[in-house]
Amino acid sequence: IIAIVTILAIAVIAVGVCLALLDSDSGNEPTAPTANQEMVEVPSFLNKDFEDIMADKYYTSNFTIQKQESYSETVEEGVVISQNIAPGTQVGQKSKIILTVSKGVEYVAFPTAGVVGVDYNDAKAALEKLSYKVSKVEKSNPGGYTEGTVYQSSLDSGAIYPKGSQVILTVWGAEPTTTTEPSTEAPTDSGTMDDRGGFFQNILG
């Protein structure tokens, strides 16, 4: 009896797993029509406003519409980017249609620390992790500043910018070098005219 109960329990678990797997895969496949179920053609939802779709009784009465969201740099917020079942596909009425809807452009806060006064390569690496596009310009170093450290940023600390924005970092150049230049003045005779006159008088006298 125990063996029979165990076998039945295993069979029930196996059936449950199979049903779960089928359900998880059903999101990308048209629902198989049941007997006497009306067939409908999947329209194109692309570039349509999701709220307008849900307000349309034809769509809501013929399809079970599910929404998922994704950021987009090119598609306006609230507009459909893609659908899981291709337009023109025949499906059973009330089949599930998954629409991916744009959340608009993703914004990223510019760091409040770790940029100005930091080595350019370190600042660049940190900003690129946040999806900023980084370039640099060099500033003449009057002396006293470490070459390669960031002097200033073209974007404001703590402000919000679209993901992928360009930022220009101004970086200190090399410190000036001091050299002693040779004198260009002609050598002068250290003797005076009076000294030379006395010299000749001694010779003649």
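Is strand β10 (residues 166-172) largely enclosed by the rest of the structure or left open, and how many of the seven residues of strand β10 are buried? Five of them are buried (under 20% relative accessible area, with exposed meaning over 50% and partly exposed in between; 1.4 Å probe, protein chains only), so strand β10 is largely enclosed by the rest of the structure. The model is predicted, with local features requiring pLDDT of at least 70 and side-chain atom pairs counted only at pLDDT 80 or more, whereas totals for chains, interfaces and linings use all residues. Residues are numbered from 1 along each chain as its sequence is written, and side-chain values use heavy atoms, without hydrogens and water.

The protein chain contains five helices and 10 strands, taken as DSSP runs (helices H or I, at least four residues; strands E, at least two) and numbered from the N terminus. Of its 205 residues, 24% are buried. Among contacts (heavy atoms within 4.5 Å) with a separation of 6 or more in the protein chain, 71% are between residues 24 or more positions apart. The protein chain exposes about 14300 Å², of which carbon and sulfur atoms supply 55%; accessible areas come from the Shrake-Rupley method with a 1.4 Å probe, and for residues only the protein chains shown count as cover.

Strand β10 belongs to an open sheet of three strands in the order β7-β10-β8, with mixed pairing. Strands β7 and β8 stand at the edges with a single partner strand each, so one side of each has no neighbour in the sheet. From one strand to the next, the twist averages 30°; axes are lines fitted to C-alpha atoms, for helices over the stretch in contact, and angles run from 0 to 180 degrees between N-to-C directions. Two strands count as paired if DSSP finds at least two bridges between them. Strand β7 (residues 133-139) runs parallel to β10 and is joined to it by seven bridges, with K139 opposite W172 of β10. The pairing of β8 (residues 150-153) with β10 is antiparallel, over three bridges, and S153 has L169 of β10 as its bridge partner. Helix α4 (residues 120-129) lies across β7, β8 and β10, at about 155° to β7.

Elsewhere, V105 lies in the loop between β5 (95-102) and β6 (107-109). At 31% relative accessibility, V105 counts as partly exposed. Together with Y107 and I160, V105 makes a nonpolar surface patch of about 290 Å².

Methods:
Patches are made of residues with over 30% relative accessible area and no salt bridge: like charges are joined within 9 Å, nonpolar side chains (Val, Leu, Ile, Met, Phe, Trp, Tyr) within 5 Å. A salt bridge is a side-chain nitrogen of Lys or Arg within 4 Å of a carboxyl oxygen of Asp or Glu.
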